[in-house]
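Dear colleague,

Please find below the structure that I am handing over to you.

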Amino acid sequence: MAQFCLFFLFLVSVIFVPCALSRSLSSSNPESQIFDVAESIKKTVQVLSPASQAFQQEAIRSTPSNSSSISVSIYPRSALVKPRHKDYASLTLSRLERDSARVSSLTMKLTLSLSNFTHSDLKPVQTMLQPEDLQTPITSGASQGSGEYFTRLGLGQPAKEFYMVLDTGSDITWLQCEPCSDCYQQSDPIFNPSGSSTYSRVSCDDAHCSALEVSACGPNACLYQVSYGDGSFTVGEFATETVSFGNSGSFSKVAIGCGHDNEGLFVGAAGLIALGGGTLSLPSQIKASSFSYCFVDRDSASSSTLDFNSARPGDSVIAPLLRNSRRSTFFYVGLTGISVGGQMLSIPASVFQVDGSGNGGIIVDSGTAVTRLQTTAYNALRDSFVKLTQNLPTAGRFSLFDTCYDLSSMKRVSVPTVAFHFSDDKTLSLHPKNYLIPVDSSGKFCLAFAPTEGSLSIIGNIQQQGTRVSYDLANNLVGFSPDKC
């Protein structure tokens with residue numbers, strides 16, 4: 001009998017123990033993960049260090065291609081121009097101020113679309129921001145984006161290359177043009193249409209002119225205007241021009257705005273590459289079936305790529321790419337829930353859905369930094385995170401962040417996991433640096449989410465950093481692939 005018991009226990013250990021061991025090795029802990037505090041603080045010091053080398057223009061490369069795919073390098077603002085703030089806290093404050101203006105502008109765009117207003121109804125408003133406060137190229141206005149990520153785009157024939165900011169929240173690609181009625185300072189020489197053999201003004205009866213939200217008929221061409229919530233604007237003639245991506249390829253007769261009067265808080269880049277979902281956006285005009293990007297840490301000097309017509313990584317977390325019939329610009333994603341510490345939050349499904357009137361839903365946006373959630377969703381996330389971090393020393397709020405910690409005495413710390421959930425049980429787990437960010441160089445970190453009073457939620461670029469985001473326009477899918485920069 002004793003021998004039988006020993007044999008039975010042996011069988012149990014052979015059959016069940018390896019299974020349990022296999023499960024523990026094949027899956028990471030869904031409740032917590034290790035955050036490298038010291039490395040994050042190190043970057044806040046480096047980005048302000050005079051010894052850190054600014055990004056060199058000749059380092060920008062495009063990837064030669066023998067197929068229909070296009071690939072160009074993209075870089076964070078800090079790799080191009082060194083911030084001049086006295087410390088990292090002041091740099092963070094200016095970033096957050098611009099980010100709040102960006103969110104207000106997106107919300108205003110949607111509100112006006114749902115109210116059947118046009119942009120011509122907008123009037124300039126006062127802003128407390130000053131041009132000298134800007135340390136990122138606000139090429140689409142302080143409210144239109146913090147301009148954290150650049151690429152190099154060729155325009156004209158022969159091609160002249162310009163630094164341009166990427167923006168998935170816009171449909172009009174534009175740049176400053178000679179002659180200038182009022183132009184801001186930019187890194188490159190201002191584009192002169194007379195030096196290009198392929199520049200052609202768009203006539204007032206052209207379909208491109210009719211597609212503009214705000215237009216007028218000038219003496220020789222269709223005139224465009226793009227206005228932003230802070231009173232910044234760009235005005236000029238609408239034209240078609242050759243657009244080139246280094247050695248990857250070029251496209252003729254792409255409609256762009258040639259801005260002769262560009263006023264407000266525009267600093268740094270020559271203009272903006274519109275990656276939105278409207279008919280005049282760059283992907284739409286070049287008939288791209290897809291595009292993708294991967295944003296590196298905005299405090300780093302490294303780079304990644306913006307790709308068109310390239311296959312998404314095989315390990316991508318796939319989610320539905322949705323559209324709002326009342327606002328075609330924005331890319332909505334089919335988010336079903338959020339979890340903290342491995343536990344799903346109690347958030348009504350309707351919070352992340354677009355209703356019949358066009359309100360609600362959640363978009364993926366390249367220009368917004370901090371993810372915004374409806375207040376009920378944000379409160380659920382924050383309260384759960386706070387409950388699971390009672391062992392961490394707290395710190396006072398910082399700007400729009402109400403949940404902060406003093407990690408100055410720690411090099412590494414265990415923090416709760418945060419994950420986005422999509423249909424078909426697809427899960428995107430965020431790295432700790434995507435939701436716990438330094439706001440100074442002394443060890444103060446804050447939960448990088450914020451509530452919004454409006455109905456529109458936004459997945460910002462802090463949460464996207466380190467993840468290749470692929471927009472499959474042909475199949476209406478969006479893919480998220482971590483660690484693919």
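This is a predicted model: local features need pLDDT of at least 70, side-chain atom pairs count only at pLDDT 80 or more; totals for chains, interfaces and linings use all residues.

Helix α2 covers residues 37-46, and its buried residues are Val37, Ser40, Ile41 and Thr44. Viewed down the helix axis, these buried residues fall within an arc of 95°, so they line one face of α2. In general, an α-helix has 3.6 residues a turn, so residues three or four places apart point the same way. At the N-terminal end, α2 is capped by Asp36, which has a side-chain oxygen 3.4 Å from the backbone nitrogen of Ala38.

Strand β12 (residues 290-294) is mostly covered, with 5 of its 5 residues buried. Ser290, Ser292 and Cys294 lie on one side, Phe291 and Tyr293 on the other, and both faces are covered. β12 pairs with β29 (residues 467-472) in the antiparallel sense over 5 bridges, and the bridge partner of Cys294 in β29 is Arg468. A further 3 bridges join β12 to β13 (residues 304-308), again antiparallel; here Tyr293 stands opposite Leu306.

Elsewhere, an open sheet is formed by 4 strands in the order β17-β16-β23-β24, with antiparallel pairing. Its edge strands, β17 (343-344) and β24 (426-429), each pair on one side only. β16 (residues 335-340) is joined to β17 by 2 bridges, and Ser339 has Met344 of β17 as its bridge partner.

With kind regards

Terms used: Residues are numbered from 1 along each chain as its sequence is written. Side-chain values use heavy atoms; hydrogens and water are left out. Buried means under 20% relative accessible area, exposed over 50%, partly exposed in between (1.4 Å probe, protein chains only). The arc is that of the directions from the helix axis to the C-beta atoms. A polar contact is a pair of N or O atoms within 3.5 Å; within protein, one must be able to donate a hydrogen and the other to accept it, and residues adjacent in sequence count only if both atoms are side-chain atoms. Two strands pair if DSSP finds at least two bridges between them.
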